Each structure stands twice: as C-alpha cells, then as structure tokens.
Amino acid sequence: MAIVSEIMQQSGVAFGTSGARGLVTAMTDRVCYAYTTGFLQFLIEDEAWQPGGRVALAGDLRPSTPRILAACAEAIRDAGGEPVFCGFVPTPALADWAFARGIPSLMVTGSHIPDDRNGIKFYRPHGEILKADEPGITRQVVDLDRTRWTAEGMLDAPRPLPEITPIGAGYVARYVDFFGDTALQGRRIGVYQHSAVGRDVLVEILTALSATVTPLGRAERFIPVDTEAVRAEDIALARNWAAEHGFDAIASTDGDSDRPLLADHTGEWLRGDVLGVLCARALGLSSVVTPVSSNTLVEKCGAFARVHRTRIGSPFVIAVMDAALANGEGAVGGYEANGGFLLASPLDRAGRRLGALPTRDAVLPIVAALVAAGSGTLRELLDGLPPRVTFSDRIEAFVPERRDALMVWLLPEDEAARHVHLDAAFAPVARAGLTAIDLTDGVRLTFANARVIHLRGSGNAPELRCYTEAEDQGAAQELNRAALGLVATVV
C-alpha cells in the first residue's frame with residue numbers, strides 16, 4: 001500500500017498548472033497506475049463514479065504515451081471500471097465526448113513540453129479536476145501489488161489497450177453544426193501539422209467549413225510547439241509558407257491540440273491572448289475570465305461587461321467562470337495567454353447551438369476568428385484593437401532552487417523596501433517608474449508608461465517564464481530580452 005502524495009515525492013511527478021507531469025523516466029507504469037487509481041478512488045469517495053462504470057482515455061503522439069495509456073487502463077480495470085480507449089485525439093475532443101456521456105476521462109499528454117516529459121490530465125464526468133480536488137487525489141491510499149512490477153517499476157505483463165472507440169466525427173460536427181458548412185467558403189488556409197495529435201481533425205474541420213486546406217510540415221518525430229514561446233524556425237516556416245502559397249491564414253496547435261496557433265496572410269503568428277479577445281468578441285460573450293498574464297487589451301477594447309483575472313492555469317480560470325455563471329453574468333467564457341479557449345455557457349445563434357466546453361480548446365478560437373474576418377483579413381481585425389502587444393520568452397533549465405533564489409531577491413519582506421528595490425532594478429529596463437506590483441501569480445510589474453514585466457516559474461517544466469507588454473512588437477520583445485538578461489545576472 002502507498003499514499004499517492006508519497007509516490008509524488010519519491011518520483012518527482014507532481015500536479016502543475018494542467019494535470020500531473022514529470023520526466024518520462026519518472027513516470028513509470030507504477031507511478032501512472034497509482035495516480036489513476038487515486039483519481040478513481042477520489043471520484044468514488046465524492047460519489048462521482050462507481051465501479052462498473054466507463055472511463056474514457058486518449059493520448060497524444062509522443063513516444064511514451066502508449067505505454068502510459070496501458071498502465072492507466074490497467075488501473076481502471078483493477079478499480080472495477082471499463083476503459084474506453086478513444087485513440088490519439090485532441091484533449092478537447094476527448095473531454096467533449098466524455099462530458100456528453102457523464103463519464104470521467106483522462107488524457108495522457110505532456111502538451112507542448114519536450115518528449116522527455118509527459119503527463120496525465122484528469123477530468124470529472126462534467127469538468128476538469130480543479131485545484132481544490134488535487135488534495136483528495138494525493139491523500140488516497142492505493143494498493144500496489146509488488147508482484148506485478150519489474151525492478152524499474154514497469155508492469156510485468158501489460159495488457160493491450162481496448163479497440164479504439166472513434167470520437168472524431170462528433171468533434172467535427174460541433175463546429176460545422178454551429179458555424180455552418182459554408183462558413184469559410186473561399187478561404188485558403190494552410191495547416192501546420194507537425195506532431196500535433198489533432199493535425200488531421202483540424203484539416204477535416206476546416207475542410208468541412210468549405211475552406212481550401214493545404215497540410216504543411218507533417219513530422220514523424222515529436223516537435224514541442226509552444227504557443228506562448230513560438231520557436232524561431234516556426235516563425236520562419238509560417239512566413240515562407242505565406243509568401244509561397246498566398247494563404248489567407250495558417251492554423252496549427254500544440255501537441256495535444258488544446259492550444260491554438262493562427263497566423264495572418266503574411267505568416268505572422270497571432271498572440272494567444274489576442275486571439276482569445278477576437279474569439280470572445282466574435283462569440284458575443286458578456287463576461288470573460290483570463291489569467292493575470294494576458295494582454296490588457298481585453299479591458300481596453302471595451303467589448304465585455306466584466307473581465308476577471310486569475311492565476312495561471314485552466315483550473316483557476318474554470319473556478320472563476322463557475323462563479324461568474326452563478327452570479328448570472330450572462331454568456332461566460334475564458335482564455336489563457338496560450339490561446340486555449342474555454343466556453344462556460346452554451347451559445348445560441350440563428351437556431352444553431354454551440355454547447356459549453358469548459359476546458360481548453362484550440363479549434364474554437366481559430367474558427368471564430370476566421371469567420372469574424374469574413375472576406376477581409378485577420379490583420380484588419382487586429383487593427384481594430386487597442387495597440388497593446390505582448391511577448392513571452394523563457395529561461396530553460398531554471399531549476400526550483402534557482403527560482404526560489406530569484407523570488408527571495410525579487411520580494412524583500414518589507415513591502416516599502418520591495419517597491420523601492422524593484423523600481424531601482426526594473427525602471428531603467430522599462431524606461432519608466434514602477435506604479436504597481438501584482439503577486440497574483442509570480443511577480444507582475446506595471447510601469448508609468450503602461451509597460452508590463454511579469455516573471456513566473458513554470459508549473460509544467462523547469463523554466464522561468466517572462467511575459468512583457470508594450471505599445472508595439474519591437475518594444476515588447478526588447479523589454480523581454482532586457483528583463484531576462486537582468487534576471488540571469490542575479491541568480
């Protein structure tokens with residue numbers, strides 16, 4: 001017998017901003033089995049699932065995913081459940097299918113991080129596991145029969161996964177039924193496929209909406225496409241494809257296809273927090289929830305009755321969306337700086353309904369923005385927004401000890417001394433005096449010229465994230481470079 005929290009400490013596999021994640025070498029079959037068993041025991045305790053019931057599972061395209069899926073399926077069987085294997089499909093497709101049937105689900109994915117890591121996202125029958133649920137999972141005592149594991153913590157005799165239950169058609173229909181099968185007629189769209197698990201279904205959806213679609217850049221090895229820190233090679237690819245093919249847009253997603261990438265006709269990728277605003281406005285939402293790291297143009301554009309700010313991570317966005325629904329704030333949705341869009345309210349338009357999907361989705365913001373552009377360009381939509389630009393970058397291999405040392409340097413205990421210290425350090429970088437310090441998630445600094453520097457340790461990988469906001473792209477990038485340069489000299 002073992003407690004899940006003890007296994008977390010021993011393995012280093014822990015809950016981050018989106019599920020449990022860790023190194024593939026640490027995510028042994030035994031660890032993944034324990035996490036899944038703890039999840040199901042917690043649902044039984046919470047009267048959200050009973051033995052004999054179904055549990056849906058799917059995965060992304062990284063090499064370690066099939067092995068981890070087999071360990072999770074074994075845990076489901078041993079808990080008395082029926083594993084329903086939905087194949088290798090987008091996370092939102094799995095969630096949408098499972099929510100509609102009122103069954104729990106789990107997605108094996110490391111999302112956008114390199115394939116030396118992986119993770120498991122857990123879903124209740126009608127929504128994500130929230131931060132308040134995690135202690136209920138980690139305190140579970142699970143039975144780990146010592147005779148079943150090798151010395152390396154792998155199953156002695158893993159059983160094959162069940163036959164695939166196909167679910168893609170319902171995910172395609174979700175968008176075609178709402179937007180209409182001629183919504184993108186006349187549009188020429190490239191789809192950067194790389195190793196995204198939704199690379200084929202995205203082509204299928206855009207084609208079903210009558211776009212002319214060209215698949216691009218399909219990869220056989222896993223590529224860690226991060227929609228918040230787009231690689232230089234992906235920037236170059238989009239620009240070259242746009243020049244070569246004359247596309248109206250280029251679309252893509254991250255590894256598990258819950259975070260979007262959308263480029264305009266010139267091949268310039270839109271920031272996720274800008275795409276989120278375009279989507280929310282196109283859907284006519286009245287209340288929008290987004291993390292503190294997102295661009296302030298959501299407030300400045302004046303399109304929404306209420307804007308709520310949260311900590312970074314979809315569980316925090318969902319908790320505040322739930323509160324907004326309870327407060328009767330009308331049509332509610334949210335998005336993250338990575339572009340993933342969460343729809344809390346069902347929407348009705350001209351006799352068509354789009355059901356709520358309160359988990360990150362990449363397809364909705366891509367399609368909503370393209371439909372909103374009509375016969376014009378995405379650039380014209382962007383030109384109608386306030387001139388605020390965000391940029392993000394990171395320092396990789398930023399270990400927890402280094403992160404903790406940085407926080408000590410950033411935040412002297414005395415608040416008055418803190419403001420003086422941070423102003424002295426960062427005002428020369430921002431070229432204006434410090435006016436506000438926000439500690440909602442990390443350290444977010446706002447300056448008299450409305451520029452922003454936001455430093456935060458990643459919850460998914462050993463990285464330091466830096467988000468900057470300024471009046472134009474060049475200023476935002478230079479501010480980011482200077483802020484990270486300063487940090488690198490401190491710790």
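**Cysteines, sheets and rings in a predicted model**

The sulfur of C72 is too far from any other cysteine sulfur for a bond, because the closest, in C32, is 5.5 Å away. A disulfide is a covalent bond between the sulfur atoms of two cysteines. Here the term is applied to a pair of cysteine sulfur atoms within 2.5 Å, and by this rule the count comes to zero disulfides. C72 is buried, with a relative accessible area of 0%, and C466 is also buried, at 0%. Buried means under 20% relative accessible area, exposed means over 50%, and partly exposed lies in between, using a 1.4 Å probe and protein chains only.

The model is predicted, so local features need pLDDT of at least 70 and side-chain atom pairs count only at pLDDT 80 or more, while totals for chains, interfaces and linings use all residues. Residues are numbered from 1 along each chain as its sequence is written, and side-chain values use heavy atoms, with hydrogens and water left out.

Next come the strands and helices. Helices (H or I, at least four residues) and strands (E, at least two) are DSSP runs, numbered from the N terminus. Two strands pair if DSSP finds at least two bridges between them. Five strands form an open sheet with antiparallel pairing, in the order β21-β25-β24-β23-β22. β21 (389-395) and β22 (434-438) stand at the edges with a single partner strand each, so one side of each has no neighbour in the sheet. Neighbouring strands of this sheet are turned by 15 degrees against each other on average, direction ignored. Axes are lines fitted to C-alpha atoms, for helices over the stretch in contact, and angles run from 0 to 180 degrees between N-to-C directions. β21 is joined to strand β25 (residues 464-470) by seven bridges, and the two run antiparallel. Within this pair, S392 stands opposite Y467 in β25. Helix α15 (residues 415-430) packs on the sheet and touches β22, β23 (443-447) and β24 (452-457). The direction of α15 makes about 115 degrees with that of β22. Contact means heavy atoms within 4.5 Å.

Strand β20 (residues 357-361) is largely enclosed by the rest of the structure, because five of its five residues are buried. Strand β17 (residues 341-343) pairs with β20 in the antiparallel sense over two bridges, and L343 has L357 in β20 as its bridge partner.

In helix α7 (residues 199-208), the buried residues are R199, V201, L202, V203, I205 and L206. Their cover includes α6 (168-179), β10 (188-194), β11 (212-218), β12 (249-253) and α12 (363-373). After α7 comes S210, whose phi is positive, near 80 degrees.

The aromatic rings follow. Rings of Phe, Tyr and Trp (its six-membered ring) pair if their centres lie within 6.5 Å; planes under 30 degrees apart count as stacked, over 60 as edge-to-face and the rest as tilted. By this rule the count comes to twelve aromatic pairs. The rings of F178 and F179 form an edge-to-face pair, because their planes stand at 85 degrees, with the centres 5.0 Å apart. F178 is buried at 4% relative accessible area, and F179 is buried at 14%. Elsewhere, ring pairs link F15, Y35, F39 and F122 into a cluster.

G38 lies in helix α2 (residues 29-45) and is buried, with a relative accessible area of 0%. Not counting residues up to four places away in sequence, G38 touches V4, I137, Q140 and V142.
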